[in-house]
Amino acid sequence: MTRHALLGAAFIAVAMLFWGGNTTIGRFAMTTDLPPIGVNFWRWTIALAILLPLYAPTLWRQRALLRRHWVYCVCIGLVGVTCFNSFYYVGLQSTTAVQGSLIAALLPLMILVLGAVYAGTGITGRQIGGLVLSIGGAVLVVVRGDLAVLRTLTLNPGDFWCLAAVLCWAVQTFMLRYKPPEMDVMALVVASVGLGWLALLPAYAVETALGDAMRFDRDTLLMVGYLGLFASVIAFSLYNAGVVRVGSASAGYLGNLFPVFSALLAVVFLGEAIAWYHATGGVLVLGGIYLATVPPGALRRRSAA
């Protein structure tokens, strides 16, 4: 990897760390009975309130470029802001966190398939090997080393919502490869967040009118505050900037750091014991990322230089 790509990989890794924190906050704040659209709406409301004052000058400078590519910005906003989180929150209401996390581990496979079908990119043996290792490591962490758990899993409607959410994540990641080079990454982030938030408005109004209103207590404010600042403003910005640098395929592999970070944060903040599957799964995920993204002999060439 070049220094440019390494910086992008670091951006995505930090984004995964903050998204992993979302799992810890969610378990602490007991979010299962909160309205999914309401959580997503207020998450992005906070994010937009932070981003707009910071990047209004950038938006103004690039207003003509954003108008010219408005369809692209709308699509990024719909799949990355409106649909992904809403679908995932809906899915987690009727499936388990284990199954939701296992479905999320399919991200690199989905991105590779999208690249092969729509961009004509080939799939190498190293990528397949990296895919197997990274997904295997993620699965090991999610099931806590007990592979017998996989035999007890049954499909339910929530799984299909989670699958749709991860597909949205993959589509957004794939679409970032087509970002106009002259478009500032943060201009795209703020524009897509604003457009995605607008699309959430009618859905939130309908959900509230049907009696599933958002409640605001200490745990809810804690969760939504974390989601708005760390999991939205910081993580979403870093992830988009990272994908632009490393490419969609590499970003997909790095996505499997999510369950590893989730487990490690549970050890640190929830007092869970560290176990063999944390280390083994983490090594497998990192090995898969290395195998799929670092060309053979790259380290030898770098040391020789």
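**Exercise 1. Determine how many aromatic pairs the model holds, and describe the pair of phenylalanine 18 and phenylalanine 230.**

Solution. The count comes to 16 aromatic pairs, where rings of Phe, Tyr and Trp (its six-membered ring) pair if their centres lie within 6.5 Å. A pair of aromatic rings is described by the distance of the centres and the angle of the planes. For phenylalanine 18 and phenylalanine 230 the centres are 5.3 Å apart and the planes stand at 45°. Planes under 30 degrees apart count as stacked, over 60 as edge-to-face and the rest as tilted, so this pair is tilted. Phenylalanine 18 lies in helix H1 and phenylalanine 230 in helix H11 (residues 218-246), so the pair ties together parts that are 212 residues apart in sequence. Helices (H or I, at least four residues) are DSSP runs, numbered from the N terminus.

The model is predicted: local features need pLDDT of at least 70, side-chain atom pairs count only at pLDDT 80 or more, and totals for chains, interfaces and linings use all residues. Residues are numbered from 1 along each chain as its sequence is written, and side-chain values use heavy atoms, with hydrogens and water left out.

**Exercise 2. Classify the pair of phenylalanine 41 and tryptophan 42, and state whether each residue is buried or partly exposed.**

Solution. The ring centres of phenylalanine 41 and tryptophan 42 are 5.3 Å apart, with 85° between the planes, and the pair is edge-to-face. For accessibility, buried means under 20% relative accessible area, exposed over 50%, and partly exposed in between (1.4 Å probe, protein chains only). Phenylalanine 41, at 5%, is therefore buried. Tryptophan 42, at 28%, is partly exposed.

**Exercise 3. Count the salt bridges and name the partners.**

Solution. A salt bridge is a side-chain nitrogen of Lys or Arg within 4 Å of a carboxyl oxygen of Asp or Glu. The count comes to one salt bridge. Its partners are arginine 215 and aspartate 217, at 2.9 Å from N to O. Arginine 215 is partly exposed, with a relative accessible area of 32%, and aspartate 217 is partly exposed at 30%.

Notes
Helices (H or I, at least four residues) and strands (E, at least two) are DSSP runs, numbered from the N terminus.
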